[in-house]
Amino acid sequence: MKLNRLSVGVRLWMGFGLVLLSVVIVAGVSWWTNAQLSGTIQNLYEEDTKAAVAVGKASTALLRHHRRVTMALNAQSATEFDQLVGELAAIQGELDAALSTFRSRELRVSGLHDEGASLAAVEQALSRYYADETHMLSRMRARLVNADSVEAERARQAAGHQAIDESGHAVTGVRQALEQLAEDVSAFAAAAHAESTQRSRTAVRLMAAVMVAGLLLTLGLVHVLRQSIIRPLDHIRETLA
């Protein structure tokens, strides 16, 4: 069908329709780009920020727990000892809650990094740490109660120093496991950042291409309308003149 056979009104409606279509396409691509970027940001929060915060809280709680244990092993009275030991349950709850938050995510595996395996290593090391600390505190509590002579007090102090050294070795395993878990999170965060950057660039390129295509379509439409409407009118005007 030739454009010359259509009325001027139909031609104008077709032109405006094509322009409107190009605007709709550009708006759709823009919406899709925004949705992609929003999804990437949400994924970064859920998978990386949340994980990093959980590991950080677990490390902080472990440090506080070990500090309380060390203070309890150095306690000079049963009352002080019991007070310090009584604080351990709440700190342990914070540590377990942080690990539970980490576990609530979808654990990722890629190459040398496995969040599930690293988390399992942390939990195993933590279980050994709790068992060792409980045993040491129980022994120290008994020595504290029975330290009714100078010799017994000296023996208690020596045992306390030894227990502190043993406690340091016990907590080292947990720290190393948490460091490996943090390294896994960092590696996945770096990969996610690179992927999000690539997606952003692809989306921007696509939007730019669509906008250029829309501009070219508009220019082509103007040219076609000029050929089919304006030039015949110019010809009629020249004839009448």
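The protein has five helices and two strands, where helices (H or I, at least four residues) and strands (E, at least two) are DSSP runs numbered from the N terminus. Read from the N terminus on, the elements run α-α-α-β-β-α-α. This is a predicted model, in which local features need pLDDT of at least 70 and side-chain atom pairs count only at pLDDT 80 or more, while totals for chains, interfaces and linings use all residues. Residues are numbered from 1 along each chain as its sequence is written, and side-chain values use heavy atoms, with hydrogens and water left out.

Of the 241 residues of the protein, 28% count as buried; buried means under 20% relative accessible area, exposed over 50%, and partly exposed in between, with a 1.4 Å probe and protein chains only. Among contacts (heavy atoms within 4.5 Å) between residues at least 6 apart in sequence, 78% join residues at least 24 apart.

The buried residues of α3 are Leu88, Ile91, Leu95, Ala98, Leu99 and Phe102. Seen down the axis of α3, these buried residues fall within an arc of 95 degrees, so they line one face of the helix; the arc is that of the directions from the helix axis to the C-beta atoms. An α-helix has 3.6 residues a turn, so residues three or four places apart point the same way. The face of α3 turned away from the buried side carries the exposed residues Ala89 and Ala90.

Leu88 and Ile91 are among the residues touched by His65, together with Gln92, Tyr129 and Tyr130, not counting residues up to four places away in sequence. His65 is found in helix α1 and is buried, with a relative accessible area of 3%. In helix α2 (residues 78–86) lies Leu84, which is buried with a relative accessible area of 8%. Leaving aside neighbours within four places in sequence, Leu84 is in contact with Arg68, Met71 and Ala72, and although Leu84 and Ala72 are 12 residues apart in sequence, they are 5.7 Å apart in space, C-alpha to C-alpha.

Asp48 forms one of them with Arg108, the closest N and O atoms being 2.9 Å apart. This pair links distant parts of the chain, with Asp48 in helix α1 and Arg108 in the loop between α3 and β1 (109–110), 60 residues apart. Asp48 counts as buried at 6% relative accessibility, and Arg108 counts as buried at 15%. The side chains of Glu123 and Arg103 also meet in a salt bridge (2.2 Å, N to O). Glu123 lies in helix α4 (residues 115–145) and Arg103 in helix α3, so the pair ties together parts that are 20 residues apart in sequence. Glu123, at 29% relative accessibility, counts as partly exposed, and Arg103 counts as partly exposed at 39%.

Technical notes
A salt bridge is a side-chain nitrogen of Lys or Arg within 4 Å of a carboxyl oxygen of Asp or Glu.
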